[in-house]
Amino acid sequence: MREDLLQALWNSGIALSQNEPLARHSSFRIGGNAKIAVFPKNREELICALESLKDENPLVIGKGSNLVFPDEGLARPLIFTEGLQALAVSENQIAADAGTPLISLCRAAEEVSLSGLEFAFGIPGSVGGGIYMNAGAFGGELGSFCRSVTYYDGIGVKTIAGADCSFSYRHSLFCDRKNFVILSAEFSLAKGKKEEISALMKEILAKRKEKQPLEYPSAGSVFKRPQGFYAAKLIEDSGLKGLRVGGAEVSEKHAGFIVNRGGATASDVKELIKIIRETVFAKTGVSLECEIEFL
């Protein structure tokens with residue numbers, strides 16, 4: 001990275017780190033070092049970092065809960081949005097910055113008796129990442145409640161209606177327009193009873209703890225749901241529960257998860273995914289598509 005750009009970032013007062021361990025920023029606890037990692041505290045700093053680094057092809061990262069960082073690290077600058085957590089409530093709407101944890105968004109809705117986001121309680125991602133991939137669980141998806149998204153397109157700040165974001169299963173407009181950086185999103189919810197909202201959130205969290213291997217680092221569900229099937233059942237029926245490559249293991253608790261049992265590398269995860277896909281296809285004819293992303 002050019003020394004003058006690095007100096008400009010230092011001078012701007014935006015927090016940055018050299019040789020930042022990426023495993024710290026991955027729910028999988030996997031990855032080498034980032035040559036440069038930038039940590040803006042607000043929208044203005046994020047846009048400043050994007051403009052300063054535009055010729056360096058920076059990657060914008062949320063909570064890293066659906067990503068696998070490479071073992072060799074990354075030379076491209078990384079911009080982490082975790083510092084952007086402004087949140088505002090107005091009647092039945094909540095606006096939240098991209099770095100806001102989904103758990104915090106759900107808690108904010110609960111606090112003012114707004115219902116609709118209970119399904120997302122316990123999803124370990126951020127608002128930005130959740131909008132990007134239309135995160136969902138237990139029959140709900142963020143896109144269903146998204147009123148609008150504000151983003152930076154490399155030229156200026158724009159706002160688009162949620163209905164125009166092309167939300168579908170684990171997909172949004174932002175998956176196709178990589179130059180669009182999500183800054184915040186606004187959600188329209190329904191008035192409800194706080195005790196009922198709290199009870200449902202508690203029930204959903206209990207289901208997660210019962211069914212998902214939350215005791216080990218992972219990146220959540222590895223594969224998208226195939227049409228007419230469940231990935232976890234296909235994997236389990238193929239006899240792959242407990243299969244290990246290095247420190248990566250097909251979870252004994254939920255076959256749709258790969259967990260880090262200690263010292264797992266990105267190469268371990270890639271190889272395990274390759275074996276799963278080949279085995280499931282050979283036994284069932286179903287081709288599994290990854291939901292997690294490798295950088």
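Student: What should I know before I start?

Tutor: The model is predicted: local features need pLDDT of at least 70, side-chain atom pairs count only at pLDDT 80 or more, and totals for chains, interfaces and linings use all residues. Residues are numbered from 1 along each chain as its sequence is written, and side-chain values use heavy atoms, with hydrogens and water left out.

Student: How are strands and helices named, and when do two strands pair?

Tutor: Helices (H or I, at least four residues) and strands (E, at least two) are DSSP runs, numbered from the N terminus. Two strands pair if DSSP finds at least two bridges between them. Take strand E6 (residues 87-90) and E7: they pair in the antiparallel sense over 4 bridges. Ala-88 stands opposite Ala-95 in E7. Ser-90 has Gln-93 in E7 as its bridge partner.

Student: Which strands make up the open sheet of 5 strands, and in what order?

Tutor: The order is E6-E7-E13-E11-E12, with antiparallel pairing. E6 and strand E12 (157-161) stand at the edges; each has a single partner strand, so one side of each is left without a neighbour in the sheet. Neighbouring strands are turned by 15° against each other on average, direction ignored.

Student: Which helices pack on this sheet?

Tutor: Contact means heavy atoms within 4.5 Å. For angles, axes are lines fitted to C-alpha atoms, for helices over the stretch in contact, and angles run from 0 to 180 degrees between N-to-C directions. Helix H2 (residues 43-52) touches E11, E12 and E13, and its direction makes about 145° with that of E13. H3 also packs on the sheet, touching E6, E7 and E13. The direction of H3 makes about 155° with that of E7.

Student: How do I read a nonpolar core?

Tutor: Start with burial. Buried means under 20% relative accessible area, exposed over 50%, partly exposed in between (1.4 Å probe, protein chains only). A nonpolar core is a set of buried Ala, Val, Leu, Ile, Met, Phe, Trp, Tyr and Cys residues joined through side-chain atoms within 4.5 Å. Here the largest core has 31 residues. Those with the most contacts inside it are Leu-105, Val-127, Ile-131, Val-149, Phe-174 and Phe-187.

Student: Which elements supply this core?

Tutor: Several give at least two residues each, including strand E7 (93-97), helix H4 (127-132) and strand E11 (146-152). H3 gives the most, with 4 residues. Now look at Ile-131. Leaving aside neighbours within four places in sequence, Ile-131 is in contact with residues including Leu-142, Cys-146, Val-149 and Phe-187. A second, separate core of 25 residues includes Ala-255, Ala-266, Ile-273 and Leu-288.

Student: Where does Phe-145 sit?

Tutor: Phe-145 is in the loop between strand E10 (140-141) and E11. Phe-145 is partly exposed, with a relative accessible area of 23%. Not counting residues up to four places away in sequence, Phe-145 touches Gly-116, Leu-117, Phe-119, Glu-186, Phe-187, Ser-188 and Leu-189. Phe-145 and Ala-190 are 45 residues apart in sequence and 9.6 Å apart in space, C-alpha to C-alpha.

Student: What does the open sheet of 4 strands look like?

Tutor: Its order is E15-E18-E17-E16, with antiparallel pairing. The edge strands are E15 (218-221) and E16 (244-245), and each pairs on one side only. Helix H8 (residues 266-284) packs on the sheet, touching E16, strand E17 (248-250) and E18. The direction of H8 makes about 30° with that of E17. E15 is joined to strand E18 (residues 257-260) by 2 bridges, and Ser-221 stands opposite Phe-257 in E18.

Student: Is Ser-218 buried or exposed?

Tutor: Ser-218 is in strand E15 and counts as buried, at 12% relative accessibility.

Student: How many disulfides are there?

Tutor: A disulfide is a covalent bond between the sulfur atoms of two cysteines. The cut-off is a pair of cysteine sulfur atoms within 2.5 Å. The structure holds 0 disulfides.
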